[in-house]
Amino acid sequence: MSDQIHTASSGYATGQLARALAAAVSAGTEADRERALRKLRRWEDVVSGMADGTLTVGSRTPVADTPAWVTLEVAHGGFATGGYLAEVPLSEDETARVASFPDDVPGRNERERLNSWYLGDAGQTELLDAIRSGHYRVDVPEDAALPVVALLLDRGFPEQALDLVTELRPLMHRLRLTPRFEPVSLPSGAAVRLTSVKDAAASLRSTRVPVQLAKMRDALTVWDPLYDRLVALWCRTVDDDLPHVDENGTVRGGWPCRMWPADWAAARTEWLADFAETSRTHAPSSRQTNPKSNFARLRSALESCPDGSDALTAREVGWIRRVIASTVSHRGAPGSGQRDAWRTAQVATVAAPTHAALAGVLAARLDRYPADGGLPSLDVATAAVSEAEATAEVPCGTTMPDHLVHKAARSLEAPADELVRLGVITSGETLAVVLPQLTSRLLSAAIDDPVVAGLHEQTYTAFRRRRGLLLLNLDHQVRFTELPWVKALAPYRSPKPDNAVAALRALRQTTLLALTAFPHALLPNPLVTELRTLAKQTGLELPLVEEVAADIFMGTFTTKWREAGVVASRLLAGTLYANYYDLPADWPKPRRERMRWGKHTAEDFSELCRERAGTSGGSIAANGMVLEQSQILTTHNLAVLVDGLNLTDELRERAPELAWQAFGWIVRRLTQRAAHRHAALIQVKNAAYAWRQALFLLAFCEPAVQFAHAERLAVEARGTALEPAVEGLLHVLLGGRFTPTGTVQHSTAVRFLGWAENTHPLLPPFGHS
């Protein structure tokens with residue numbers, strides 16, 4: 001295999017650009033259009049940058065003449081656009097500050113002059129005052145760069161400060177290197193939050209009344225009363241009993257346009273004015289605009305009769321009579337008890353406060369808390385509407401709907417397991433979003449100086465918000481310690497045993513939480529990154545591996561994959577998992593390694609994966625088959641974590657319940673009808689990954705539990721695409737083995753895998769779709 005440097009194809013980016021253009025053209029609301037245009041601009045930058053060579057997508061330094069530590073703007077899929085997130089216009093305060101500078105402050109533009117000023121005595125003093133008081137916010141990691149310079153100079157490390165300024169100097173004219181000077185509210189202890197109360201309130205205020213409900217409310221509360229007044233106007237012109245429809249469908253009773261009360265003309269004028277105003281403030285429906293509707297016929301006739309019915313034909317008067325007869329017969333005469341009761345019942349169906357109105361009340365409650373902070377309790381969201389909050393539309397005592405409480409709960413500060421229980425954290429990906437808040441505190445605990453520790457904590461949290469790049473050639477994402485201002489803080493670190501203990505506790509709790517809350521799901525890469533960071537704090541060297549996309553797989557693995565495979569074979573020897581997947585009983589020594597792209601690769605592990613997959617790789621499907629074997633051999637981190645953190649006893653206790661949860665998810669997933677073949681392939685792939693998770697958990701169960709789960713699963717899977725996989729599981733539980741191709745002789749049973757080069761045995765037929 002060649003070690004040539006690979007770069008990404010522009011085909012994906014071009015396709016995304018075309019989709020973004022189509023979305024911008026078809027966007028409905030102004031907000032949708034604005035979002036679509038921003039996305040379109042990003043993909044235009046990606047495509048043009050790849051075309052002119054200023055972008056090398058696939059590299060950890062994809063933007064020409066840009067060091068790896070710069071926080072880049074990254075589009076979906078890891079494609080850098082060429083933009084810097086810290087390259088922002090000066091704020092109003094910054095502009096005013098620059099305007100006050102004497103002419104001798106150096107710099108080729110206003111941004112560089114501002115950064116240069118913060119290197120002077122007055123600027124250093126301002127930075128130190130802000131950092132000591134906690135009156136600052138780090139949005140992107142670069143915001144902490146010049147504050148670190150100020151701290152180094154203040155603490156007597158001038159050489160480190162000078163080295164840092166030297167590294168920052170080439171980009172000081174482009175990057176904001178100082179924080180925003182405003183207070184920031186951070187969770188404390190073991191608490192985390194998914195979002196701020198400001199964002200939660202904004203989400204609540206975005207709640208809208210559904211179009212159909214809004215139309216129904218308008219019809220019942222605005223247009224129908226107006227229609228009743230219109231009918232009443234014409235009823236006043238009837239010379240005898242009001243017209244009605246008899247049992248044969250014949251109109252009986254008096255005729256309209258025979259009597260003209262003295263105040264009728266004024267009432268007519270008032271009604272027409274009210275109709276015009278209502279049409280301006282409430283969109284009319286087809287009942288009001290259709291020329292053949294009763295409403296339109298009566299209104300048109302009204303407009304034609306300023307002084308009497310001379311302008312109406314006999315046919316039109318007949319229509320007025322029939323309309324009156326129809327509505328009186330069905331709903332009662334205007335002002336009658338029958339009609340009033342019917343209208344009251346109708347209005348009652350839409351009288352309850354809308355969710356949009358309740359969301360506004362809840363958002364106002366959240367406004368009482370610091371905008372960038374979190375909620376200390378859910379009581380503020382679950383409390384009924386108070387007298388002070390009540391309005392004509394939202395009466396006192398109204399309870400908040402669960403889905404609005406859930407929106408507010410996204411800003412709740414609580415331990416991660418509590419947020420999982422409340423349904424705020426719904427996946428490993430979401431868990432990975434909040435975990436840096438805890439990790440940052442543990443990392444900063446190694447710094448004795450509380451001022452430096454606070455800056456370090458904010459910087460780490462901001463760093464974890466960076467979007468990952470698409471990387472080839474076995475490259476790894478930029479690490480936190482590669483930021484030059486973070487490296488410069490090394491003199492402040494003094495690892496303590498109690499920090500390692502706290503990190504180990506957090507690592508165990510997070511691992512168990514991920515396994516028990518989402519037993520069907522792979523540990524996503526961002527979560528693996530946080531687990532690795534915590535493991536380093538404990539002093540554990542755990543060979544945690546990432547999920548690799550099949551379309552960028554380089555055909556080989558670094559040595560940690562082999563190390564993880566060795567752990568899995570040892571931990572699972574003789575178990576259901578090892579028997580089902582035919583794990584190697586031992587791993588030969590010496591190991592076969594090679595240097596590729598500057599990395600140590602495990603050639604024997606790579607060859608074993610290709611051999612087990614039955615393919616040499618190359619196509620996306622073949623790559624997927626090889627990668628799936630790597631996940632099988634390593635259990636994708638499960639064995640490494642359970643073994644390294646001594647979680648066997650805890651897992652054994654929960655394994656029966658968790659294994660069935662994973663099986664249940666698989667059954668639900670595979671019984672959902674996919675819209676097209678590609679969606680069905682994703683269904684099968686994800687179900688196969690969940691199957692592997694379930695078998696790992698089942699390996700910690702007693703044989704009786706394993707058989708009971710398999711037999712129960714056989715009942716639920718009968719007649720579905722999953723049936724051959726369940727037969728394969730029962731076959732192994734009874735002591736059988738699969739052939740090298742994953743089948744069983746003289747049986748339809750198969751080993752459940754997610755990838756196949758040809759037709760997948762568990763994929764339903766989709767014709768030519």
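**View 1. Contact between helices H31 and H32.** Gln706, Phe707, Ala710, Glu711, Leu713, Ala714 and Ala717 of H31 touch Glu723, Val726, Leu729, Leu730 and Leu733 of H32, where contact means heavy atoms within 4.5 Å. By class, these residues are nine nonpolar, one polar and two charged (Ala, Val, Leu, Ile, Met, Phe, Trp, Tyr, Cys and Pro count as nonpolar, Asp, Glu, Lys and Arg as charged, and the others, Gly among them, as polar). The model is predicted, and local features need pLDDT of at least 70, side-chain atom pairs count only at pLDDT 80 or more, and totals for chains, interfaces and linings use all residues. Residues are numbered from 1 along each chain as its sequence is written, and side-chain values use heavy atoms, with hydrogens and water left out.

**View 2. Axes of H31 and H32.** Two packed helices are described by the angle between their axes and the distance between the axes. The axes of H31 (residues 703-717) and H32 (residues 723-733) come within 9 Å and cross at roughly 160 degrees (axes are lines fitted to C-alpha atoms, for helices over the stretch in contact, and angles run from 0 to 180 degrees between N-to-C directions). H31 and H32 are therefore roughly antiparallel (angles over 145 degrees; under 35 is roughly parallel, 65 to 115 roughly perpendicular and the rest oblique). Their crossing is left-handed (the near helix is turned anticlockwise from the far one by less than a right angle; clockwise is right-handed). Helices (H or I, at least four residues) are DSSP runs, numbered from the N terminus.

**View 3. Helices H27 and H30.** The axes of H27 and H30 (residues 677-698) come within 11 Å and cross at roughly 15 degrees. This makes H27 roughly parallel to H30. The crossing is right-handed. Glu628, Gln631 and Ile632 of H27 meet Ala688, Tyr689 and Arg692 of H30.

**View 4. Helices H19 and H20.** H19 (residues 428-444) and H20 (residues 450-463) pack at about 145 degrees, with axes 8 Å apart. Their crossing is right-handed. The contact has four nonpolar, five polar and two charged residues.

**View 5. The second largest pocket.** This pocket holds about 870 Å³ of space (on a 1 Å grid over the protein atoms alone, a pocket is an open set of points where a 1.4 Å probe fits, with protein on both sides within 12 Å along at least five of seven lines; lining residues have an atom within 4 Å of a point). The volume is the space filled by probe spheres set on the points, which are joined across faces, edges and corners. Of its 36 lining residues, Arg612, Ala613, Gln629, Pro740 and Leu753 are the closest to the centre. H26 gives the largest share of the lining, seven residues.

Key:
Helices (H or I, at least four residues) and strands (E, at least two) are DSSP runs, numbered from the N terminus.
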